[in-house]
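Please look at the sequence and the model shown here, and then read on.

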Amino acid sequence: PSGAEPATKIVINLERLQQLPAEKVGPLARYAATIQSQRGDYNGKVLSIRTEDLRSLAIIYDMSPGELTEQLIDWGVLPPEARPAKEE
Ligand code: C2E
Ligand code: C2E
Ligand code: C2E
């Protein structure tokens, strides 16, 4: 399958996230808002999240972490650089 590998460094573009329809990004937007709240981190344009959180989100979206990474790049929520370089 093409490029279905999970992102290595997950830095969510919060401005882009807000522009997308809630029926697409609702669960992700709520997850990001919860992390912001737990950290008290409200002023950023981006939010770094845990690799572990990508796995949890992938379960919510019923995708593999790699497929969710591709979806988030497609939406512009992650930059294309989030796509891990194929090694070997
Ligand atoms: P970086 O990781 O490349 O992040 C660049 C900038 O993106 C940060 O500049 C910050 O403005 C924004 N940013 C990234 N993740 C978040 C986030 O979760 N919340 C918010 N509000 N902003 C975020 P900043 O803060 O001046 O940091 C510059 C560099 O310092 C970072 O580059 C990173 O290399 C280091 N740094 C800052 N905080 C941490 C940290 O908690 N852990 C580690 N390992 N490095 C950090
Ligand atoms: P916690 O998991 O017990 O983490 C306590 C503190 O350890 C965090 O306080 C942070 O200062 C530091 N910490 C833990 N893991 C990392 C890491 O990978 N990178 C960095 N830079 N620091 C880390 P903080 O930020 O005030 O967060 C408070 C609590 O909010 C955390 O307690 C956790 O329960 C939750 N939280 C915050 N951000 C995230 C996240 O991205 N994902 C998840 N699942 N929970 C988060
Ligand atoms: P980072 O701060 O540069 O941390 C990079 C990796 O180092 C983390 O990847 C994690 O594997 C490890 N690490 C750093 N601090 C801790 C810690 O206190 N406890 C443990 N057990 N491991 C730690 P990870 O988890 O994928 O997180 C990626 C980025 O997400 C972190 O980069 C940080 O920018 C952000 N992040 C994750 N959790 C928290 C948190 O609780 N609070 C804050 N403020 N930022 C967090």
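## Surroundings of the ligands

Around ligand 3, the shell holds one nonpolar, two polar and three charged residues. In this classification Ala, Val, Leu, Ile, Met, Phe, Trp, Tyr, Cys and Pro are nonpolar, Asp, Glu, Lys and Arg are charged, and the others, Gly among them, are polar. The shell consists of Arg39, Ser48, Ile49, Arg50, Thr51 and Glu52, where a residue is near a molecule if its C-beta atom, placed from the backbone, lies within 6 Å of it. Helices (H or I, at least four residues) and strands (E, at least two) are DSSP runs, numbered from the N terminus.

The shell of ligand 1 comprises Val11, Asp41, Asn43, Gly44, Val46, Leu47 and Ser48; its largest share, three residues, belongs to strand S2 (residues 46-49).

## Basis and confidence of the model

The model is predicted: local features need pLDDT of at least 70, and side-chain atom pairs count only at pLDDT 80 or more, whereas totals for chains, interfaces and linings use all residues. Residues are numbered from 1 along each chain as its sequence is written, while chains are lettered from A and ligands numbered from 1 in the order in which they are written.

The protein has a mean pLDDT (the predictor's confidence in each residue, from 0 to 100) of 91, and 92% of its residues reach 70 or more. The ipTM is 0.90 and the pTM 0.89.

## Overall architecture

Four helices and two strands are present in the protein, arranged along the sequence as β-α-α-β-α-α. Its radius of gyration is 12 Å, close to the 12 Å that the globule rule gives for 88 residues, so the protein is as compact as a globular protein of that length. The radius is taken over C-alpha atoms, and the rule is 2.2 Å times the number of residues to the power 0.38.

## The nonpolar core

Eleven residues form the largest nonpolar core, including Ile10, Ile12, Val25 and Leu78. Such a core is a set of buried Ala, Val, Leu, Ile, Met, Phe, Trp, Tyr and Cys residues joined through C-beta atoms within 7 Å; buried residues have 20 or more other C-beta atoms, placed from the backbone, within 10 Å of their own. H2 gives the most to this core, with three residues.

Methods: A residue is buried if 20 or more other C-beta atoms lie within 10 Å of its own, exposed if 12 or fewer, and partly exposed in between; C-beta atoms are placed from the backbone.
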